[in-house]
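Open the model in your viewer and show the whole chain as a cartoon. The stops below give a selection each and say what is there.

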Amino acid sequence: MRFTPQKIEEILVTLLGPEGTPLVRELIGKANVSEFDLAVKTKKDIKIIRKQLYILHNYNLVGFTRKKDKQKGWYIYYWTLLPENIKFNDYKMKRNLLEKLKMQLEEEKKELFFVCPTTCVRLNFDQAMDFEFRCPECGELLNQDQPEERVKQLQKKIDGLEAEFMDLKQEHKKKKKQGKERKKVVKAKKKAVQKKRSSKQKPVKPKTKKRENIVKKIRKIVKKKR
Ligand SMILES: [Zn+2]
């Protein structure tokens, strides 16, 4: 699965906030864009652009090259998005989210929760007991929460993410298989070439065989003498 520009934009804007949208749009599909061009095109201050670029760089989602401006004597940085890293970063974040959701679900299933009737707080059993089952905010008596809806929502999110991972896995497998088959073809070709070559080569020189025999004989003689 290759990420669409929309998907890339969505991921990067999650990191930068909506104010990063113009920069991200200028970077997508281009390579080695000068930071000054980025500032001009987004109509933003170079400092803001640099700050956003550094954030992306911290996540390793953007790479740069720099060139010295001979006239002015300073370096100009040219930026390029790294789509593979963006993909991997997205995968990592989703993995973490999945772990978190699973833990939450576990807790929802094994813990008892209590809520204030006017929704000030939601406390687990121990916390509720500490407050003698009264809301610490408004003093109302707490009710036991019905977690069914929450559990359902969590399960839905977990299922969605797991299905996505399953797709990724299958895609990975497919790619691996394709890679293996490609290797096989390359190997077969190599073999064919070698065969052709070796059939052209002269048969193994008898000279070396003779030499070996002579060496053996000499060794025997030396052994006997000892
Ligand atoms: Zn309350």
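**Whole chain**

Of the 226 residues in the chain, 10% are buried (20 or more other C-beta atoms within 10 Å of the residue's own; 12 or fewer is exposed, in between is partly exposed; C-beta atoms placed from the backbone). This is a predicted model, in which local features need pLDDT of at least 70 and side-chain atom pairs count only at pLDDT 80 or more, while totals for chains, interfaces and linings use all residues. Residues are numbered from 1 along each chain as its sequence is written.

With everything selected, the C-alpha atoms fill a box of roughly 110 × 65 × 40 Å along the principal axes.

**Two domains**

Select 5–81 as domain 1 and 87–171 as domain 2; the bounds come from an automatic or database domain assignment. Their C-alpha centres lie 37 Å apart.

Next select residues 5–16, helix α1. Its 12 residues should span 16 Å at 1.5 Å a residue, and the end C-alpha atoms are 16 Å apart, which agrees (the expected span is 1.5 Å times one less than the number of residues). Gly17 follows α1 and has a positive phi, near 85°.

Now show Leu61 and Val62, which have the most contacts inside the largest nonpolar core, a set of 14 residues (buried Ala, Val, Leu, Ile, Met, Phe, Trp, Tyr and Cys joined through C-beta atoms within 7 Å). α1, α2 (21–27), α4 (46–58) and β3 (75–81) each give two or more residues to this core. Apart from it lies another core of 5 residues, including Leu123 and Cys135.

Which residues touch Leu61, leaving aside its neighbours within four places in sequence? They are Leu12, Leu56, Leu81, Leu82, Asn85, Ile86 and Asn89 (contact: C-beta atoms, placed from the backbone, within 7 Å).

**The sheet**

Finally, select β5, β4 and β6, an open antiparallel sheet of 3 strands in the order β5-β4-β6 (strands pair if DSSP finds at least two bridges between them). β5 (122–124) and β6 (143–144) are at the edges with a single partner strand each, so one side of each has no neighbour in the sheet.

Technical notes. Helices (H or I, at least four residues) and strands (E, at least two) are DSSP runs, numbered from the N terminus. Two residues are in contact if their C-beta atoms, placed from the backbone, lie within 7 Å.
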